[in-house]
Amino acid sequence: MGLIRDLIHAGGTGGLNWHVQAYTSRKRWQPTVQLSDQFLAQVQPKSEHLVLIGGSAGWMMPPSWLARFQRIDAYDIDPLAALLFDGQHGKRLKAQGIAVHHHRQDALATLPEILKEHPKACLWFDNVLGQHRFRVRDQARVEHELAQLKTTLQGRSWGSLHDVWSGPTDGRLLPAGLQVWSHHVTAKQGMEAAFSQKLLASVGAKDAWNDHLTSQVFSDSSPTTWMPWAFKPNYWHWLQAGWVSS
């Protein structure tokens, strides 16, 4: 029973349910993958070694980004992640001479050790930080741990794509019409609220939306890019992407 539960839930990350959802949603998700690809094309990693955290099977991973490295160490707690990631990307990466090493490990809980093990690597958190609140379920702890990341990662090149909000929409926007929003965090009173309202209005948000508690992942000086994600036909997420150079 323990193994079956692990395969289905994967420590609170979705497991088999996530993979079925991802497989059946590939066409609807593709515009967001393309927006992510456009963002990552502007990133200039200083290392050919990538530590990939929470990449799962790579459903949301642009192949062009992975191809920019010579070695990838992928960390995920999902027992299906390695098999499905290799099924999605393995053949192409192997043909390009890129070595992928999978680790079944909670990278957020062991991040200092991972940094020591890979001192020259840059890091990419792939659609994982926004799930931290659903695994931990202690709001104060989640906010502290996510805000602490930029201090832990000081001196390293790293980036993240993560959920900020998610909730129901009125269906007015089709995935083909998706656009990104660029934003600098500002401390001016009311500016952040106005920006948030514009994002939500642009996808026809209605009712209550979930706050994924990721607003402090990046520092105030870090420019970020925001992109909508049609997770389900009438249930959307707003994702934030950013990159910090050492």
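These legends walk you through a few views of one predicted protein model.

View 1. Start here to get your bearings. Of the 246 residues in the protein chain, 46% are buried. Among contacts with a separation of 6 or more, 78% join residues 24 or more positions apart. The chain exposes about 12300 Å², and carbon and sulfur atoms supply 53% of that area.

**View 2. Thr 169 in the loop between β5 (158-168) and β6 (181-184).** Is Thr 169 buried or exposed? Its relative accessibility is 3%, so Thr 169 counts as buried; the cut-off for buried is under 20%. Beyond its neighbours within four places in sequence, Thr 169 is in contact with several residues, including Val 203, Trp 209, Pro 233 and Trp 236.

**View 3. Trp 29 and Phe 231, one of the aromatic pairs.** A search of the whole structure finds 15 aromatic pairs. In this one, the ring centres of Trp 29 and Phe 231 are 5.7 Å apart and the planes are at 20°, so the pair is stacked. Trp 29 belongs to helix α3 (residues 26-41) and Phe 231 to strand β8 (residues 223-232), so the pair ties together parts 202 residues apart in sequence. Both Trp 29 and Phe 231 are buried.

**View 4. An aromatic cluster.** Look for Phe 39, Trp 65, Phe 69, Trp 124 and Trp 243, which form one cluster.

**View 5. Arginines over rings.** The charged end of Arg 26 sits over the ring of Tyr 23, 3.9 Å from the ring centre. Arg 133 lies over the face of Phe 134, at 5.3 Å from the centre of that ring.

Conventions: Residues are numbered from 1 along each chain as its sequence is written. This is a predicted model: local features need pLDDT of at least 70, side-chain atom pairs count only at pLDDT 80 or more; totals for chains, interfaces and linings use all residues. Side-chain values use heavy atoms; hydrogens and water are left out. Buried means under 20% relative accessible area, exposed over 50%, partly exposed in between (1.4 Å probe, protein chains only). Contact means heavy atoms within 4.5 Å. Accessible areas come from the Shrake-Rupley method with a 1.4 Å probe; for residues, only the protein chains shown count as cover. Helices (H or I, at least four residues) and strands (E, at least two) are DSSP runs, numbered from the N terminus. Rings of Phe, Tyr and Trp (its six-membered ring) pair if their centres lie within 6.5 Å; planes under 30 degrees apart count as stacked, over 60 as edge-to-face and the rest as tilted. A charge sits over a ring if NZ of Lys or CZ of Arg is within 6 Å of the ring centre and within 35 degrees of the ring normal.
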